[in-house]
Amino acid sequence: MNVLFVGDLSCPSASGRQRLWAIQRVANCVTHLNKQNYANKLGTIGGKLARLMRQPRMLRDCVGLSRAILESCQTLKPDLLWIEWPRDILRDSIIEIKKQHPDMIIVSFQDDNPWGKRTDQCWMWSEYFRLVPLVDLHVVKRSSDAEKLKELGATQCYTWNHGIFTPLFHPKKAAIKYPISFVGTCLDDRACFIESLLRAKIPIHVFGSHWKRRSALPSHFPDNFHDPVKGLAYAQVIQESQLCLGLVSHSNCDEWTMRTFETIGCAKALVAERTPAHCDWFEEDSEIVLFSNVEECAQKIQQLLKFPEKCEAIGSAALAKCMAQKWTLDSRMEELLSQIFSSD
């Protein structure tokens with residue numbers, strides 16, 4: 001199996017890097033292109049202009065990236081072209097690739113929600129929508145995405161569930177430094193949620209971007225807010241936490257997040273929103289701690305912090321469930337690629 005993988009690969013813990021690793025575990029020949037090497041030539045100004053003009057082609061060097069993909073396909077002749085978030089790939093390039101390589105399978109992966117509540121970002125997806133009928137398989141996060149894509153001409157869709165990225169997220173003996181941690185961006189209603197926990201005297205430590213820009217919480221609670229963490233530092237925060245808070249993106253209409261598997265991969269107790277996916281995958285109170293509102297969340301955290309052994313038992317049980325069910329990232333990828341090539 002010869003694969004050409006195209007995605008954002010600069011961050012060692014980025015989701016794209018994780019999926020590239022999973023494909024490398026399954027396929028015998030994998031070549032990758034880092035989309036982040038094709039930044040727009042105007043830098044920050046280009047990004048601002050793109051938003052002002054609502055022109056996604058200005059967010060990246062789309063011509064250079066599309067040309068690189070086309071040339072790589074000509075040289076490598078891959079069986080599978082995997083493109084992550086193809087919002088910056090030119091339609092004419094995909095048409096030419098399909099013309100030159102009619103037997104090659106083109107896969108699009110994206111787990112954002114173009115039809116979610118982030119209406120101010122809809123313009124970013126216009127190029128992606130033009131590609132939809134040309135892609136052989138769309139790998140998406142929600143079944144509702146598949147329905148929308150089929151309306152745009154998609155022929156095949158696959159609902160993707162993430163898995164544990166075992167090289168980075170695994171149990172490790174470490175002294176507890178954070179009673180409860182949250183790693184995530186300040187978006188949706190998270191600032192209000194975190195503020196309510198802090199006002200309730202919950203000793204939560206927050207790591208992530210945009211908190212200083214979008215809220216006053218870091219200035220009011222400076223000891224509870226930290227810089228963003230990536231890679232090993234990110235995994236270490238989880239490993240040094242007694243509990244980990246998991247908030248889904250409501251603007252994306254999500255039911256789970258990568259942190260669901262990252263926390264459990266480290267055998268830590270996950271305190272998460274009571275979504276259909278979380279309820280379906282894990283046993284409440286024995287494998288996961290679920291809440292429906294901030295009051296229930298605060299109450300459960302306060303109780304659990306008194307019993308470290310119970311927290312350890314919940315995290316260990318969830319990890320055991322994932323390993324028994326083969327909910328690891330490489331197993332998920334092996335299942336997907338097996339289906340692709342068995343139906344080819």
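Here are some questions and answers on rings, cores and helix packing in this predicted model.

Q: How many aromatic pairs does the count come to?
A: A pair of aromatic rings is described by the distance of the centres and the angle of the planes. Here, ring centres have to lie within 6.5 Å for a pair to count. By that rule the total is 17.

Q: Is the aromatic pair of Trp211 and Phe225 stacked, tilted or edge-to-face?
A: Centre to centre, these two rings are 5.6 Å apart, with 50° between the planes.

Q: Which kind of pair do the rings of Phe282 and Trp327 make?
A: Both Phe282 and Trp327 are buried. The ring centres are 5.9 Å apart and the planes sit at 90°; planes over 60 degrees apart count as edge-to-face. So Phe282 and Trp327 are edge-to-face.

Q: What is the distance between the C-alpha atoms of Phe109 and Trp82?
A: Phe109 lies in strand β4 (residues 105-109), and its relative accessible area is 0%, so Phe109 is buried. Ring pairs join Phe109 and Trp82 into a cluster with Phe5, Trp85 and Trp160. Along the chain Phe109 and Trp82 are 27 residues apart, yet their C-alpha atoms are separated by 7.4 Å.

Q: Which residues have the most contacts inside the largest nonpolar core?
A: In soluble globular proteins, nonpolar side chains tend to be buried together. The largest nonpolar core here has 63 residues, and its largest share, 5 residues, comes from α15. Trp82 touches Met333 and Leu336, among others. The residues with the most contacts inside the core are Trp82, Trp160 and Leu336.

Q: Is Thr257 buried or exposed?
A: Thr257 is in the loop between β10 (241-246) and α11 (258-265). Beyond its sequence neighbours up to four places away, Thr257 touches Lys141 and Leu247. Its relative accessible area is 13%, and the cut-off is under 20%, so Thr257 counts as buried.

Q: Which ring has Lys141 over its face?
A: A Lys NZ counts as sitting over a ring if it is within 6 Å of the ring centre and within 35 degrees of the ring normal. Lys141 lies 4.3 Å from the ring centre, over the face of Trp256.

Q: Is the crossing of α1 and α15 left-handed or right-handed?
A: The axes of helix α1 (residues 15-26) and α15 come within 8 Å and cross at roughly 65°. Residues making the contact include Arg19, Ala22 and Ile23 of α1, and Met333 and Leu337 of α15. The crossing of α1 and α15 is right-handed.

Note on methods:
Residues numbered from 1 in each chain as written. Predicted model: local features only at pLDDT ≥ 70, side-chain atom pairs only at ≥ 80, totals over all residues. Heavy atoms only, no water. Phe/Tyr/Trp six-rings, centres within 6.5 Å; stacked < 30°, edge-to-face > 60°. Buried < 20%, exposed > 50% of the residue type's maximum accessible area, 1.4 Å probe, protein only. Helix = DSSP H or I, 4+ residues; strand = E, 2+ residues; numbered from the N terminus. Core = buried A, V, L, I, M, F, W, Y, C linked by side-chain atoms within 4.5 Å. Contact = heavy atoms within 4.5 Å. Axes fitted to C-alpha atoms, helices over the stretch in contact; angles between N-to-C directions. Left-handed = near helix turned anticlockwise from the far one by under 90°.
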